[in-house]
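The structure is shown first.

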Amino acid sequence: MRLRLFRHLWGVDGPWEATFPRVKESGYHGIEAPVPVPERREELRRLLDAHGFAYIAMIFTAGRTVDEHIESFREQVAAASELRPRLINAHSGRDGWDEAESARFFEAALAIEAEAGLPVAHETHRGRVLYNPWVTDRLLARFDRLRLCCDLSHWVCVCERLLDDELEIIRRCAERCIHLHARVGFEEGPQVPDPRAPEYARHLEAHERWWGMIWDAQQARGDAETTLTPEFGPPGYLHTLPYTRMPVADLWQVCNWMAERESEQFTRRAG
């Protein structure tokens with residue numbers, strides 16, 4: 001199994017023409033980003049092809065009702081399909097739904113995915129249906145075709161603890177995970193100020209323990225490749241100093257450090 005690293009464009013303010021070569025030089029294999037507005041889709045596809053990048057499309061369902069979120073999902077999957085993504089990463093539904101509403105959404109979403117013929121990873125994300133381990137676990141048991149993007153930093157924040165007391169749920173999630181967001185969360189937030197700092201060593205180690213479980217599950221099912229995005233966010237997702245709003249770390253350095261570290265961790269496990 002090979003590891004493929006993707007770089008997100010969240011917080012990247014410069015032009016794509018300047019950003020993509022920088023991403024390539026940093027050793028990434030692809031770009032993860034929201035589907036752009038129609039007039040920029042051809043430009044994105046051209047730059048992806050020019051740099052030999054794969055693409056992971058991000059979509060975000062919206063609306064007040066389940067039906068509106070289903071229609072939003074349908075429209076965004078269709079738009080993403082135009083760009084020939086490797087997979088779609090979806091922020092799906094709302095955390096305030098009851099499980100009957102969540103089930104109705106996923107029944108429709110899975111049918112839309114099958115019709116589109118594209119793999120969709122539904123992200124474990126705050127504010128969305130899969131915002132905590134227990135709701136996610138019950139939905140996985142109900143829908144055997146439901147696949148995940150595991151961003152466990154969100155669950156650490158929601159649950160206000162590291163999740164080693166829920167390893168069985170993480171193992172079941174690992175069996176359905178088709179994409180990984182490698183961000184380190186802590187009890188008070190979804191992103192530590194700097195994952196290189198020694199005071200967050202136990203948080204980094206815990207997340208790497210869970211990511212290793214995901215890689216083991218992917219290896220066991222015979223996946224040829226696994227994908228990872230070091231999805232650390234920009235200021236103020238990235239902590240800033242009061243009054244000055246100066247970021248406490250450099251986002252490019254943090255993302256690259258995480259990508260390089262997890263590439264080494266992956267190689268070490270494979271060896």
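## Largest pocket

In this predicted model, the largest pocket has a volume of about 340 Å³. It is lined by 22 residues, and those closest to its centre are Leu 9, Trp 10, Pro 34, Met 58 and Phe 60. Strand E2 (30–34), helix H2 (38–50) and strand E3 (54–60) are the elements that give two or more residues to this lining.

Which element gives the most to the lining of the largest pocket? It is E2, with three residues. Sorted by class, the lining of the largest pocket consists of 12 nonpolar, five polar and five charged residues.

## Helix H2

H2, one of the elements in the pocket lining, has as its buried residues Arg 41, Glu 43, Leu 44, Arg 45, Leu 47 and Leu 48. The list includes charged residues, Arg 41, Glu 43 and Arg 45 among them. What do the buried residues of H2 pack against? Their partners are helix H1 (16–25), E2, E3 and helix H3 (66–81). Just after H2, Gly 52 has a positive phi of about 70°.

## Cysteines

The structure holds zero disulfides.

Cys 157 counts as buried because its relative accessibility is 17%, and buried means under 20%.

## Loop between E7 and H8

Glu 187 lies in the loop that runs between strand E7 (177–181) and helix H8 (201–220). Is Glu 187 buried or exposed? With a relative accessible area of 15%, it is buried. Its side chain makes a polar contact with the side chain of Arg 202 at 3.1 Å, and a polar contact of 2.8 Å joins it to the side chain of His 203. Not counting residues up to four places away in sequence, Glu 187 touches Val 156, Cys 157, Glu 160, Arg 161, Leu 162, Arg 202 and His 203.

Gln 191 is buried, with a relative accessible area of 2%. Which backbone atom does the side chain of Gln 191 reach? It is the backbone nitrogen of Gly 233, at 2.7 Å. Leaving aside neighbours within four places in sequence, Gln 191 is in contact with Arg 183, Val 184, Gly 185, Phe 186, Glu 231, Phe 232, Gly 233, Tyr 237, Leu 238 and His 239.

## Loop between E8 and H9

Pro 234 lies in the loop between strand E8 (225–229) and helix H9 (251–270). At 13% relative accessibility, Pro 234 counts as buried. Leaving aside neighbours within four places in sequence, its contacts are Trp 10, Gly 11 and Leu 251. Trp 10 is also among the residues closest to the centre of the largest pocket. How far apart in space are Pro 234 and Val 35? The C-alpha to C-alpha distance is 19 Å, while the two residues are 199 residues apart in sequence.

Terms used:
Residues are numbered from 1 along each chain as its sequence is written. This is a predicted model: local features need pLDDT of at least 70, side-chain atom pairs count only at pLDDT 80 or more; totals for chains, interfaces and linings use all residues. Side-chain values use heavy atoms; hydrogens and water are left out. Helices (H or I, at least four residues) and strands (E, at least two) are DSSP runs, numbered from the N terminus. Buried means under 20% relative accessible area, exposed over 50%, partly exposed in between (1.4 Å probe, protein chains only). A polar contact is a pair of N or O atoms within 3.5 Å; within protein, one must be able to donate a hydrogen and the other to accept it, and residues adjacent in sequence count only if both atoms are side-chain atoms. Contact means heavy atoms within 4.5 Å. On a 1 Å grid over the protein atoms alone, a cavity is a set of points where a 1.4 Å probe fits but cannot get out, and a pocket is an open set with protein on both sides within 12 Å along at least five of seven lines; lining residues have an atom within 4 Å of a point. Grid points are joined across faces, edges and corners, and a volume is the space filled by probe spheres set on the points. A disulfide is a pair of cysteine sulfur atoms within 2.5 Å.
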